[in-house]
Amino acid sequence: MDFGPLHKILELEQSKGYTNTAVIGGLDRFLQNWSGPAMASISNRRLLSRFRKLGLASPDYASLAQEQRRQWVAEVLSFLEELQAEPEKKFATIATPKKRRRAQASRQPPQAVGSLDSPITVVKGISASTASRFDKLGVRTVRDLLYFFPHRHLDYSQIKTISQLTEGEEETIIANVWQATETRPGGRRSTEAIVGDETGNVRAIWFNNPYLVRQLSTNTRIVLSGRVRLFQGRYVFESPEWEPMQETELVHTGRLVPVYSLTQGLRPRQVRKLMKQVIDQWAWQVSDFLPEGPKERCNLLELPQAIYQAHYPDDAVLKDRARVRLAFDELFLLQLGVLSKKREWQEDQAGNPLSTRPEVLDTFISSLPFQLTHAQNRVLKELLVDIDKSKPMSRLLQGEVGSGKTVVATAGLLMTAANDYQGALMAPTEILAEQHFNTICQLLSAAGQPEGQNDHINTYSGILPRPVTVALLMGATPAARKRELHRQIQNGDIDIVIGTHALIQKEVEFQRLGLAVIDEQHRFGVAQRSTLRQKGFNPHVFVMTATPIPRTLALTLYGDLDLSVIDELPPGRQEIKTKWLKPSQRESAYAFLRREIAAGRQAFIICPLIEESEAVQARAATIEHERLSREVFPDLKLGLLHGRLSATDKEKVMRRFYNGELNILVSTAVVEVGIDVPNATVMMVESADRFGLSQLHQFRGRVGRGTEQSYCMLMAQEPSEVARMRLDIIESTQDGFKLAEEDLKLRGPGEFFGTRQSGLPDLRMARLSDIPLLEMARTEALKLFEEDKALEKPEHALLVKEMTRVWTTEAGEWS
C-alpha cells in the first residue's frame, strides 16, 4: 500500500499549524476510513503493534491540545518513514495528447468493419436502439458520425493543484481519492468523495449517482474536471467529469473535451466514448478530396487530421485550424456547385438575345409619375445589357422595400414582349402576386391605353405596335379558367404572366419564355429556379429580393447569380419611427395603437411562437390574439395569422386585412414577406429581442407603404446584452444593408435566415460571417474552374465524387 498520501496530509497539517484542517471533515474521519486497508497491508508484527499504539486504528486527534498534536504528528511521520520501503512517489503529470499519440503510434488502430457509408450499427457499442436515437440527430452512417462535430469544447487542459483552484472556473486537478461515501443531500442518493494532492484536499459530489462509490476506491489516482463552487466557505466540485489516471489518452478530462448535441437516451460520457472510438478507427480512412493546389496555397490541414482535431484537439491552435479546413471544404463545395450551375446555364445552352427598343423604353419611362433614381437607372442598364446577350442572364437584384424594384422588372418584361417573347413574374404568395399584377397594370395603363379587362387578363395598346396582354395565374384560379389560361400561354396569346408556384406546375407550357422574374428569392430554392428555366429555351432569369444580404454572403449563397443593388430610396420616402419599449410602457403603447386606429389606420402585432413556452417567455400568437380581443381591444376587429393555417386560410386573413375589414392583424413571423397594406401605420413586435436585425427590419418594412407617418414599437422584457445591442442598432438605423452586416456579426448565418436555404448544402462548420475564408474559398473555386471547367482531370475525380455526394444528398443534384 502507498502510505505517501497520509504523509502529505500530515505535512500539510504541520504547515497549517495543527488546526485539523488538512482534510475536509478532520483527520479522525479520514483515518477511520484509511486505517482498515492500511492495517491489512502491514505484515510485520512490530510495525503493526506500533500502528495500534499510535492510535491510528482508533484516532482521537480532535481532542488533543496543540502541543500534543505536534508530538503525535511527528511520531506518525517517523513511523511512516519506516513503513516506506521505497522512496516517496512523485505526483505524475498528464502527458500531452501529442506525446500519448506518439507513444501509441507503433500500435495499429483497430481495423474498422464496413465502409464510411455503412450504418452506424457496425460500430462496436451502437445497438439498434442507440442508432435510432442518433437518427433523431440526423446521424445514420459512419461518415455522419465523423461529421457530427461537437458544438463546443470545455477547456480542461490546464492542470492545477488544489491550492490554485478558483471559484466559478472550469478546473482540472490530478488527485488521490482519500474516501468516497454515499450521501443523501435533499433526499437524493449521491456520491461524495474527498480527494487530495500535495497542496490540499477538496470535496467532490455527484448528485443522483450513488453507484460511483464502488468505482472511487481509496487511493485511486483520478483526473477531475469541472466547475468549482464555494460551499460553506470551502471549495467543492459539483458533478465533475472524472476518469482514472492512465497512460492511454484521456477522453472526459484533462484536455479540450468535446460537447456534443444530445437527444433523449444519449448521455454525454456515452457519446464522447463512442465518438473517440469512431474517430480512432475511421478518421484515417477518409480520402482527402481537396486538390493539392488549394491545400498548399491556403495552408490547410489534411482532411483526416482535421476531422480528428475537430473532435479531440491537441490544443486550441489545432482546433481552430481544423475548423478552418472543414469550413473551407463546405464553402468551396458550395461555390463549385453554384458556379457549375452558372456555367451549365450560360455556356452549355445558348439564350435568346432581347434587344433594347429605345422608343418603347422612352414611352414607358416618360409615363412614370416619378423620376427613376440613379440606382434604378444603373440596375435597369445592367438588366438591358444582360438580356441583349445570347448568354442567358442570371441576376439577383437586392433592394429595400419601396426602392422601386418592380418598375425595373416591368421595363425588362416590356422589352421581352417587344422582342415577341413571353415574360413571367413569380411571387411567393397569392396576395403578393395580385399586388404585382395590379402595380404592373397601373404602370402599363399610364404608358398606353387599357383595351380590355377580362377576369385577370388585361390588354394595353399604344406601347408596342401591337397590344400587350398581361394575365394573373394562381392556385386559387378556378379550374376552367386555369385551363383556358394554360392554352393562351401555350399559344403565345399572353405576353406577361404573373403568378405563384402555379407557374412552375407541369401543366404550364410557354410558347417562347424569354425572361423569368422571381420575387423574394429566399422563398424559392435552386430547384424552383431550375424548373422555371426549363419552361423556356433557357430564359433570362432576374431574381428580386427585399431581404438585404451582405454582398459576400450573396455571392456565396447565390454564386450562380450576378449581383445588382438598388441602394437608394426614392426621394421623400419617410423614415419609420422606431422605439424599443420596456414592459412598463406596454399600456401607453396600446393607447398609441388605439389612437392610430381611431384615425382610420391599421396595425400589426407580431408574436414569435405558436405555442406558449415558459423558457423563452414569448407570447404565443393564438393566446395573445384571444387576450387582446377579450381584454385590450374588445371593440376592435382582430385577425390571426400563423404558420399552421392552410395557404387558403392565410390568404383569406391577409385579404380581409388588406381590404380594411380588420383593424389589427396578430401574427407570427409568417407576415415577414408578402403583404403590402398602405393603410397600416403601426408595427408592434412582441419579444423583439428574440428576432434578428434583418427580420425586425422586414417587419418594419410592412408599414410605411402609404403617405402617413408610420411607427415600429419593439417590446422586450429582459433583453440580453447582445439583444440590447440589436435593439439599439435598429432604433437608430433604417439602412437594411448596414443592419444585415451587423446581424451577421451578432448572430451568424443560421439565425440570419431563420431557416436553412432551400436547395443549398447545409453548413456545419462554416460561418458566413467569416468573410476572409469565404473569399478565399470563392477565389480557389474560380481558379479551379479556370484550370478545369468541366472538372474532367483525373486529379479532380475525388472532388467530383464529393460534390455529387454533398449536392445530391443535401441539396438536389448539382450538375
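Visitor: What makes β14 and β15 count as paired strands?

Guide: Keep in mind that this is a predicted model. Strand β14 (residues 468-473) and β15 are joined by four bridges and run parallel. Pairing takes at least two bridges, so four bridges are enough for β14 and β15 to count as a pair. Within that pairing, Val470 stands opposite Ile496 in β15.

Visitor: Which strand pairs with β15 over four bridges, besides β14?

Guide: That's β11 (residues 422-426), and it pairs with β15 in the parallel sense. There, Leu425 is the residue opposite Ile498.

Visitor: Which helix goes with β14 and β15 in a β-α-β unit, and what is the hand of that unit?

Guide: The helix is α17 (residues 479-491), and the unit is right-handed.

Visitor: How do you know that both faces of β15 are covered?

Guide: Look at the residues on each side: Ile496 and Ile498 are on one, Val497 and Gly499 on the other, and they are all buried.

Visitor: Why is Gln505 called partly exposed?

Guide: Its relative accessibility is 35%. Buried means under 20% and exposed means over 50%, so at 35% Gln505 falls in between and counts as partly exposed. You'll find Gln505 in the loop between β15 (496-499) and β16 (513-519). Gln505 and Gly475 are 30 residues apart in sequence, with their C-alpha atoms 9.9 Å apart.

Visitor: Why does Val76 count as buried, then?

Guide: Val76 has 0% relative accessibility, and the cut-off for buried is under 20%, so Val76 counts as buried. Val76 sits in helix α4 (residues 66-83). Not counting residues up to four places away in sequence, Val76 touches Leu10, Leu54 and Leu56.

Visitor: Why is Glu780 called buried?

Guide: Glu780 has a relative accessible area of 5%, which is under 20%, so Glu780 is buried. Glu780 lies in helix α27. Leaving aside neighbours within four places in sequence, Glu780 is in contact with Pro294, Arg297, Cys298, Phe328 and Phe332.

Visitor: Which residues touch the most other members in the largest nonpolar core?

Guide: Of its 60 residues, those are Phe134, Leu145, Leu146, Ile307 and Leu326. Several helices supply at least two residues each, including α6 (128-136), α9 (268-282) and α27 (771-787). Helix α12 gives the most, with 12 residues. As for Leu326, leaving aside neighbours within four places, its contacts include Tyr147, Phe149, Ile307 and Met765.

Visitor: What makes Cys607 and Cys712 buried?

Guide: Cys607 is at 0% relative accessibility, and Cys712 is at 3%. Both values are under 20%, so Cys607 and Cys712 count as buried.

Visitor: How many helices, strands and residues does the protein chain have?

Guide: There are 28 helices and 24 strands. The chain has 815 residues, and 55% of them are buried. Its accessible surface comes to about 35900 Å², with 48% belonging to carbon and sulfur atoms.

Note on methods:
Residues numbered from 1 in each chain as written. Predicted model: local features only at pLDDT ≥ 70, side-chain atom pairs only at ≥ 80, totals over all residues. Heavy atoms only, no water. Core = buried A, V, L, I, M, F, W, Y, C linked by side-chain atoms within 4.5 Å. Buried < 20%, exposed > 50% of the residue type's maximum accessible area, 1.4 Å probe, protein only. Contact = heavy atoms within 4.5 Å. Areas by Shrake-Rupley, 256 points an atom, 1.4 Å probe, with all protein chains shown as cover. Right-handed = clockwise from strand over helix to strand, strands pointing away.
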